[in-house]
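Here's a quick tour of a model for you. Have a look at the picture first, then read on.

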Amino acid sequence: MSRINRYLADTLLILVIVVVFTSLLLLLVGASPHEAFGHLISGSFGSWSKFSRVLNVWIPLTLCSIGLLYAFRAGLWNIGVEGQVVLGAIGTVGVLRLGIDSGYPMVTLFLAMLAAAALGGGWALVAGWLKIRGGVHEIFAGLGLNFVAMGIVLWLIFGPWKRPGIASMSGTEVFPRELWFPTLEGWRVSPYAIGIAILLILATSWILNHSRFGLNLKAVGHNPRAVVLFGLSPQRYLLIAIIISGALAGLAGGLQVSGIYHRLIPAISSGYGYLGLLVVMLANFRLLPIPFIALFFAALNVGSIQLPMMMQLDSSLSGVIQGACVLSALLVFGIRHLRSRGPGN
Amino acid sequence: MTSRIYSFLRSVALALTALSLAPGASAGDEGLTFGMLLVGPYNDHGWSQAHYEGGRYVEEKLPGTKMIYIDKVNPADRPGLTIPMVVDDLVDKGAKLIIANSDDMKDGVREAAQQHPGVKFIHISGDDVLTGKATDNLGNLMGRMEYGKMMAGFVAAMTTRTGKIAYLGPLINEETKRLAVSAYLGAHYAWTQIRKKPASEFSFKVSWIGFWFNIPGVTADPTQVVRNFIDTGHDVVLSGIDTTEALIVASQKRQEGKDVYAVPYDYIGSCDSAPKACLGVPYFNWGPDYLGIVRSVMDSSWKQAWTWNGPDWRDINDKDTSTVGFATGAALNGENQAHLDAFIDGLSSGKINLFTGPLNYQDGSVFLKAGEIATDKQIWYLKQLLKGMEGASQ
């Protein structure tokens, strides 16, 4: 079998395991798996409005995931994506607040996106710097920084950026229409945001697989000691990788603000940072499957709202399915790995 | 081997295709389909459950009508979800009327109403009609819970031994301020006019958690806040939040031997989980108002309005007519029950109007001059807590 065929077979096998497992779970609680899967599918792909909601999840999730790929290439576990998304959102809100009534909404939005990438990248740099200069493992640095980011966002919402006369964790004042990411009549998703996501996927594909930087990054990830012999500075590559990773996550946060919520809320990241880690693991740390897996996860997230609405089932089923996907993927990849090394093959 | 795998995969693919053809939603019977967005769980024993039961009441009274509800509509419980998106979905499923039950949904409902001019919207607790921000398919509805809160404060002050009453507040806005103030006025009245005790021996403390219910890591934890109230000598806790933590904690503290009580909020059945600690509950009875709204949408007589309905004073607990009621709890003693009945009579006849001056705001500025009676708008847009209350005003 060719590599593609093998990958497709693996994917289908994973799906089968997940469908069987989830169906058993549904039968256990007395619900019809047929109906539940039907609602999941029609609830995510059933109409343009629903599919546009899926895209609204897909865009930030994909950005987080491809960002993570840079870090993984360099051998880094950037657990701090979640915080980088939040910081990106903060950067965007900060710029948009200044840009109210400026008369240049598009310029403001552009600057807000730059600020999102800059703050996300900067926040990631802190984790990278802690690793290189302080010897703090990036997993712990990332987790810690996630909590700090959450603290900052809560403080801003309840303090300096609160609505006049109101003290609520609901979020800040909604921005005026002209500072929303532009969209088309009847669309619930911004074509600009889709464009940005696709451009960044293509750019990443080129950078990671065809550019000198990508090759060097891979080398650093595989053997940081050896690359020194070729005159490369592993530390510099680690920092650049984590900054790109953070910038993409920050951009995702910026789009959450300007495209979806139009204000700052405590849950602005929607958990896409952590979900992105699952996407990348399921993709076996490769770029090509990421947009598709992210689309699948996004569809599950959006479609699962039908379960409580139509069947009075808890929508956390989508989380169960996502978790089952990753576990069975690890299982399938693991078994293949063992068999490829085992006797008689 | 390979061909067997392929045939297996083919059958899986077929099965998946079959799944994708599963039944969609059916809509468009004779009756009206209405959608309801609940900010919390439909069974929260509080705010959201009261709305949910109101919707069920409509279904019962008007056979053929159908409610589609979606609960936990808030970004913490459902990441990535926004109000316009859920509304799109409900409209797809045939909803001609959408009821949104939270202040938190204000901006989203306004946006959704613009996108669906053919659908009627009711935003509970909002004021977009008053402020002119609403499109003409969006109306507001709220109950005059001020009366319920006065009764809650009244029973609290009649019962307290320490003279220290605590109010577990959600977030700070005009609604929550006026409700906390109403509870304070009821309590102050009971303490000074019925029990004839000096105001100096009375304290009323408000703590805000930051949202309508607990969001771990985001709001203050209401369970901790109530424990803290009780540990600092407050023996009656009034709840202003959507859920029942105040009552649960009071009940636990009673088992530890403390003589403490709570007054929950929102839902007629709130006391059930701990009747011995419950002095009573001021509750919303949305059924009759929802019934009227659904009927008017069905016969096309619906008109945009900002509606603020009070109790039916003939019987505030009449479930077919009264928007606001007060269910007495098992812990309220007979003597205080009689005082409460007299108090309700006084409110009903207008002999007692607690929003009468002189009343000052917390910062000392004048809210109502001596003898001045507050207008609806003055109460609705209350600026601060009152002098004599402890707690933040913004």
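**Briefing: a sheet, a helix pair and an interface**

B:Met36 stands opposite B:Tyr69 of strand S2(B). Bear in mind that this is a predicted model: local features need pLDDT of at least 70, side-chain atom pairs count only at pLDDT 80 or more, and totals for chains, interfaces and linings use all residues. As for labels, residues are numbered from 1 along each chain as its sequence is written, and chains are lettered from A and ligands numbered from 1 in the order in which they are written.

**The sheet in chain B**

- Six strands make up an open, parallel sheet in chain B, in the order S2-S1-S3-S4-S5-S11; strands (E, at least two residues) and helices (H or I, at least four) are DSSP runs, numbered from the N terminus.
- S2 (66–70) and S11 (306–309) of chain B sit at the edges with a single partner strand each, so one side of each has no neighbour in the sheet.
- S1 (33–37) of chain B pairs with S2(B) in the parallel sense over five bridges, and pairing takes at least two bridges found by DSSP.
- Helix H4 (106–115) of chain B lies across S3 (97–100), S4 (120–124) and S5 (138–143) of chain B, at about 170° to S4(B).

**Two helices in chain A**

- The axes of H3(A) and H10(A) come within 7 Å and cross at roughly 170°; axes are lines fitted to C-alpha atoms, for helices over the stretch in contact, and angles run from 0 to 180 degrees between N-to-C directions.
- H3(A) and H10(A) are therefore roughly antiparallel, a label for angles over 145 degrees.
- The residues of this contact split into 17 nonpolar, four polar and one charged; Ala, Val, Leu, Ile, Met, Phe, Trp, Tyr, Cys and Pro count as nonpolar, Asp, Glu, Lys and Arg as charged, and the others, Gly among them, as polar.

**Where the chains meet**

- 37 residues of chain A are in contact with 35 residues of chain B, with contact meaning C-beta atoms, placed from the backbone, within 7 Å.
- H2(A) gives the largest share of chain A's side, six residues.
- By class, that side of chain A has 22 nonpolar, twelve polar and three charged residues.

- Chain B averages a pLDDT of 92, and 92% of its residues score at least 70; pLDDT is the predictor's confidence in each residue, from 0 to 100.
- Over residues 7–29 of chain B, the pLDDT is below 50.
- The complex gets an ipTM of 0.86 and a pTM of 0.89 from the predictor.

Definitions and conventions
Two residues are in contact if their C-beta atoms, placed from the backbone, lie within 7 Å. Angles under 35 degrees count as roughly parallel, over 145 as roughly antiparallel, 65 to 115 as roughly perpendicular and the rest as oblique.
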